[in-house]
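Colleague: I'm new to this one, and I'd like to learn how to read it. Could you walk me through it piece by piece?

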Amino acid sequence: MRQANVLLDGDFAIGDTDPRLFGAFVEHLGRCVYGGIYEPGHATADEKGFRRDVLALVKELGPTIMRYPGGNFVSGYNWEDGVGPVNKRPTKLDLAWFSTEPNTFGTNEFMDWCRVADLEPMLAVNLGTRDGDAARNLVEYCNHPAGSYYADLRRSHGYKEPHQVKFWCLGNEMDGPWQMEHKTATEYGRVAAEAAKMMRWVDPSLVLAACGSTARNMPTFGRWDDEVIEHTFELIDFISLHTYLNNYKGDTPAFLASSDVMDFFIEEVVAIADAVAARRRSTKRLMLSFDEWNVWYRTRRTRSDRVKEGWPVAPPILEEVYTMEDALAFGGACISLLNHADRVKCACLAQLVNVIAPIMTETGGPAWRQTIFYPFAQMSKFGRGRVLRTRVECETYAASYYDPRGVIDQAFPIPAAPYLKLAAVAANDGSLNLFALNRDLRQPMTVTVDARGFGNLLVAQALELRDDDLKAVNSKSAPERIKPAPLKGVDSDKGKLRVRLAPASWNLIRWEATR
Ligand code: AHR
């Protein structure tokens, strides 16, 4: 039995979680839009063609903000193709995913869907094949009330009121050679700055995120971020970063340690952003938008994993089926985000439905929750509040984590991954919520928590997500094979808590303060 000791104090906080930390992502990719959120003719579809069964699961999942329309897709997207009468919209080839885009779903449909789903929209503009001109026109179309060409065009399309989109991404992964019109940091920095300037001239209230590095092992990581921030510093609020965890090597301990690479990545990007600020003697602090993160590898490695030949519409690609161990690695990523709540003020789980997603559907059939659904839903529901500093004492292990993304084909050393990975949130409702991952595959763990400044604590809820079979999955025929179950063996006595965690388990423990 392993032992871990945790010390925390209600007065010592990392920072408050921003609601935007619990975002997700809808891209025109595979069956995310068509057959995912939108399927006219489906038995549950509403009058606009939105699947109600998917909407119900989205509400249960609890995302707050939704990034759209890409992703790689946006770098070749003409937003004008997706507005106006549907029968006049062009069908186009999408060079990001080598499929055919019918454009029957576009910006206005997305806004309608966000309204029904009660989500804040986040739009990405195309800074690949297009530039600041198309971007500022889209801002005018979405946010200007009336009396200009694009605002009146929107009104003529049936949307009298502006959409009031606040959060905008200045392109997507522009450091990646796979991107349409991939750019150098100088080229991108300039176009992002000019686009940001004009977008803000149309609507000064915008919140803007520039593209940082696609991954920590991009060969340009560091230099890219530094130069892009130099160009855009005064014009942006956020710098983005992306990470997809993998278990290509079949090394589960390393996979479970791999979310620690996200911690390193975040801290490095913060250091770069603050170094740019220091060079300017500026007190401005850029925030981080982790606007793509997840586990993704089975449907990724080869072109045939990602592309179906013949330019199909909405092909079933990137339909990663998540295992129990994926949910554990994913839970580690949730903890990494929470523990950087001071600087990561926005994050988007990539993606929402079917495409590397917590929700799966069958076109014409049912929808169900994947294993990764649960850590996200719990984080979104119980992660609102003040993330506390924690001192975690427990044994560590060394891991070598392999990530082939980018050009540097190397393993990341993780010298000391604590077997217990944990985040503690003093929630807005007064409860103390612990998210705890036991990364030991064989041994259970006794965790004692000295929670200072809370008075008496009573256990309000304790759930674990685990399975003897780490490769177990949920599926259409067994949609609830993996789901949270009550966690037994949780005691508390005057602010001293004791809990026993099963090997290889994700746990949520909530205490109510009774003073
Ligand atoms: O989320 C899938 C893809 O991953 C996105 O389109 C792209 O931005 C990233 O490379």
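Colleague: Let's start with the ligand: how many Å is an oxygen atom of the ligand from an N or O atom in the side chain of E173?

Modeller: The distance is 2.7 Å. Before going further, keep in mind that this is a predicted model, where local features need pLDDT of at least 70 and side-chain atom pairs count only at pLDDT 80 or more, while totals for chains, interfaces and linings use all residues. Residues are numbered from 1 along each chain as its sequence is written, and side-chain values use heavy atoms, with hydrogens and water left out.

Colleague: Which residues come nearest to the ligand?

Modeller: A residue is near a molecule if one of its heavy atoms lies within 4 Å of it. Here 13 residues are around the ligand, and E27, N72, E173, Y244 and E292 come nearest. A polar side-chain atom of E27 lies 2.6 Å from a ligand oxygen, and for Y244 the distance from a polar side-chain atom to a ligand oxygen is 2.8 Å. On its own the ligand has 280 Å² of accessible area, and the protein covers 98% of that. Those areas come from the Shrake-Rupley method with a 1.4 Å probe; for residues, only the protein chains shown count as cover.

Colleague: What about helix 2: which of its residues are buried?

Modeller: First the cut-offs: buried means under 20% relative accessible area, exposed over 50%, and partly exposed in between, with a 1.4 Å probe and protein chains only. Helices are DSSP runs of H or I with at least four residues, strands are runs of E with at least two, and both are numbered from the N terminus. In helix 2 (residues 107-117), the buried ones are T107, N108, E109, F110, M111, D112, W113, C114 and A117. That is nine of the eleven residues, so helix 2 is largely enclosed by the rest of the structure.

Colleague: What covers the buried residues of helix 2?

Modeller: The cover includes helix 1 (52-61), strand 3 (65-68), strand 6 (120-125) and helix 3 (132-143).

Colleague: How do I read contacts? Take H340: which residues does it touch?

Modeller: Contact means heavy atoms within 4.5 Å. Setting aside neighbours within four places in sequence, H340 is in contact with D263, I266 and E267. A polar contact is a pair of N or O atoms within 3.5 Å; within protein, one must be able to donate a hydrogen and the other to accept it, and residues adjacent in sequence count only if both atoms are side-chain atoms. The side chains of H340 and E267 are joined by one of 2.6 Å. H340 lies in the loop between helix 10 (324-338) and strand 11 (344-350), and at 9% relative accessibility H340 counts as buried.

Colleague: What does D263 touch in turn?

Modeller: Not counting residues up to four places away in sequence, D263 touches S336, H340 and K421. D263 is part of helix 8 (residues 259-279) and is buried, with a relative accessible area of 14%.

Colleague: Where is V33 found?

Modeller: V33 is in the loop between strand 2 (23-25) and helix 1. With a relative accessible area of 1%, V33 is buried. Beyond its neighbours within four places in sequence, V33 contacts V26, E27, H28, Y38 and F105. V33 and N354 are 321 residues apart along the chain, while their C-alpha atoms are separated by 9.0 Å.
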